[in-house]
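Student: I would like a close look at one part, with the terms spelled out. Here is the entry.

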Amino acid sequence: MAKIKVDDLIYDNSGTDVTLDLTTAFDNLGKAIKIHHFEYNTRTGTAASADVNHFTWTTEFSPVDAANNSFVITASVPANGKSQDWTGYGLRFYGNTTKDFVSYGNFYADQYSGYMTTYGMHYHLGAGALPTSSNQTIYFRQYTANSEPDWFCPNSSDNSRLSAQTRAFLTITEYKN
Amino acid sequence: MSYFSKAVRTFEGFAGAKVPQDPTNQAEFEALEPACDDRGYVWEGTAPTWAEVEAKMNELRAADEAAVATKRSAYEKLGLTEAEIAAIL
């Protein structure tokens, strides 16, 4: 549970009413610095070989201060399965350095071809884990062979129940405690 | 079910593509864009023709249909009713 230090509370009893200014107190609590969000929504199929970038989330990821802030990363990518019992995938951040996060917080369900599944992830990165430059490219990447589905972001070509194009989202919450 | 993705992966050199809709002819097949902008090609080396891909799609579809027919034949030999077979298939 977050706690506010008594020293951070500004207590003002000069008027009729007693007031508390919580600005300083909340500034010293953990807070989100910026929520970065990206979308990919094109039906895409990729090769079965290892070390393949499936698609590009963005070429403009600019963390505010990757050296000192931490990050919560969440992504969900709809897919038409391919009977892959196991799959090794993750994100590649390409900036002033290249950082790979393979099999970090993955959630996935093995489905036959023709059945819907999800390539998802949810994890935390501490300060200094990401490249620090601006305009980084983030790839959704397969690290091991035979980890791909039939299609990412399937649509009505796959099944009529997908009356709208499916969309993948990546949300990166940059924060500091 | 789309057999296009299965078919193209049976050919050497498929590197991935954006395929909003499955192609239906040579022109649409050639117009496919690379899956990821870190590489500017869909095929490493020579791409197959649309006729070759379409033939492979038909071959894969026929194989799946044959597999279902084989299952049905086996169930019929076991004396299952149509309703029972339909429930299993």
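Student: Which residue in β11(A) stands opposite A:Tyr89?

Tutor: This is a predicted model, in which local features need pLDDT of at least 70 and side-chain atom pairs count only at pLDDT 80 or more, while totals for chains, interfaces and linings use all residues. Residues are numbered from 1 along each chain as its sequence is written, and chains are lettered from A and ligands numbered from 1 in the order in which they are written.

A:Tyr89 faces A:Gln142 in β11(A). Behind this lies the antiparallel pairing of β7 (residues 89-94) with β11 (residues 136-142), both of chain A, over six bridges. Strands (E, at least two residues) and helices (H or I, at least four) are DSSP runs numbered from the N terminus, and two strands pair if DSSP finds at least two bridges between them. Both strands belong to an open, antiparallel sheet of four strands in chain A, ordered β5-β11-β7-β8. Its edges are β5 (52-61) and β8 (98-102) of chain A, each of which pairs on one side only. On average, neighbouring strands in this sheet are turned by 20° against each other, direction ignored; the axes are lines fitted to C-alpha atoms, and angles run from 0 to 180 degrees between N-to-C directions.

Strand pairing also crosses between the chains: β4 (residues 44-46) of chain A and β1(B) pair in the antiparallel sense over three bridges. There, A:Thr44 stands opposite B:Lys18. The contact as a whole takes 19 residues from chain A and 18 residues from chain B, where contact means C-beta atoms, placed from the backbone, within 7 Å. On the chain B side, α1 (4-9) and β1 (16-18) each supply at least two residues.

How values were computed. Contact = placed C-beta atoms within 7 Å.
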